[in-house]
Amino acid sequence: MPPFLARWMPTREQLLAIRWLAPFACYLSDDRLWHADRQSVAKAVSIGLFFGLLIPFAQFLFAIATAFAMRANVAISAGCTLITNPFTFPPIYWAAYELGSFVLDRPGSDREVQNIEQSAEKIGELATGWLEGFWIWLGAAGMPLVTGLFIMACTGAIVGYLAVHLLWRDSKHDSMHDSRHDSPH
């Protein structure tokens, strides 16, 4: 794993120390869930982005459970849920609302848009109780938000999966490829 990425990913010990995961610690200690090969990482990125974009709470738990079931890298899956955080939450959810409104062909009234903006600002201001603020905002945004989040989560998962496969450099393949081109004919 690249060092810049490893800095942000939770370690096996950090994840196993989460008390909600204690009942599953014996299962999560399986080395296959921590191996970083192309397929495992691609699945993990896809899972993490999907749950990170789709749901605003318990993202780690859903991502870890799904990574476990699909034998993907647990740490990367959990780390990729951080795509939504206090800084990215308002713009991502606003974009999801706009996308959902467009897809459903349901433009919001000025009053509805103002209510959603005010609710989004409240969520950003809340240090605790953000879940309560989210439910207020979800009530204001409704079906356009849910539709947009689902589309963004599916798209993010697909793009993440494909990006890992396209950008992953296989060191064995690259060194064999380079040695063939370096040798005189």
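Biologist: Which backbone oxygen does the side chain of S46 reach?
Modeller: The side chain of S46 reaches the backbone oxygen of A157, at 3.2 Å, and this counts as a polar contact, meaning a pair of N or O atoms within 3.5 Å in which, within protein, one atom must be able to donate a hydrogen and the other to accept it, while residues adjacent in sequence count only if both atoms are side-chain atoms.

Biologist: Before we go on, what kind of model is this?
Modeller: This is a predicted model, in which local features need pLDDT of at least 70 and side-chain atom pairs count only at pLDDT 80 or more, while totals for chains, interfaces and linings use all residues. Residues are numbered from 1 along each chain as its sequence is written, and side-chain values use heavy atoms, with hydrogens and water left out.

Biologist: Back to S46, then: is it buried or exposed?
Modeller: S46 is buried, with a relative accessible area of 16%, where buried means under 20%, exposed means over 50% and partly exposed lies in between, using a 1.4 Å probe and protein chains only. S46 sits in helix α4, and if its neighbours within four places in sequence are left aside, S46 is in contact (heavy atoms within 4.5 Å) with A157 and Y161.

Biologist: How many helices and strands does the chain have?
Modeller: The protein chain has 11 helices and zero strands, where helices (H or I, at least four residues) and strands (E, at least two) are DSSP runs numbered from the N terminus. Of the 185 residues in the protein chain, 36% are buried. Among the contacts with a separation of 6 or more, 71% are between residues 24 or more positions apart.

Biologist: What about α4, how long should it be and why?
Modeller: The expected span is 1.5 Å times one less than the number of residues, so the 17 residues of α4 should span 24 Å, and its end C-alpha atoms are 24 Å apart, which agrees. As 13 of those 17 residues are buried, α4 is largely enclosed by the rest of the structure.

Biologist: Which residues have the most contacts inside the largest nonpolar core?
Modeller: They are L15, V45, I64 and V74, in a core of 23 residues; a nonpolar core is a set of buried Ala, Val, Leu, Ile, Met, Phe, Trp, Tyr and Cys residues joined through side-chain atoms within 4.5 Å. Helices α4 (38-54), α5 (59-70) and α6 (74-80) each supply at least two residues of this core, and α4 gives the most, with seven.

Biologist: Which residues do ring pairs link into a cluster?
Modeller: F50, F51 and F62 are linked that way.

Biologist: Where is Q59, and what does it touch?
Modeller: Q59 is in helix α5 and is buried, with a relative accessible area of 10%. A polar atom of the Q59 side chain lies 3.0 Å from the backbone oxygen of G52. Leaving out residues up to four places away in sequence, Q59 touches F51, G52, T81 and T84.

Biologist: Last one: what is the phi of R71?
Modeller: R71 has a positive phi of about 55° although it is not a glycine. R71 is in the loop between α5 and α6 and is partly exposed, with a relative accessible area of 33%.

Key
Rings of Phe, Tyr and Trp (its six-membered ring) pair if their centres lie within 6.5 Å; planes under 30 degrees apart count as stacked, over 60 as edge-to-face and the rest as tilted.
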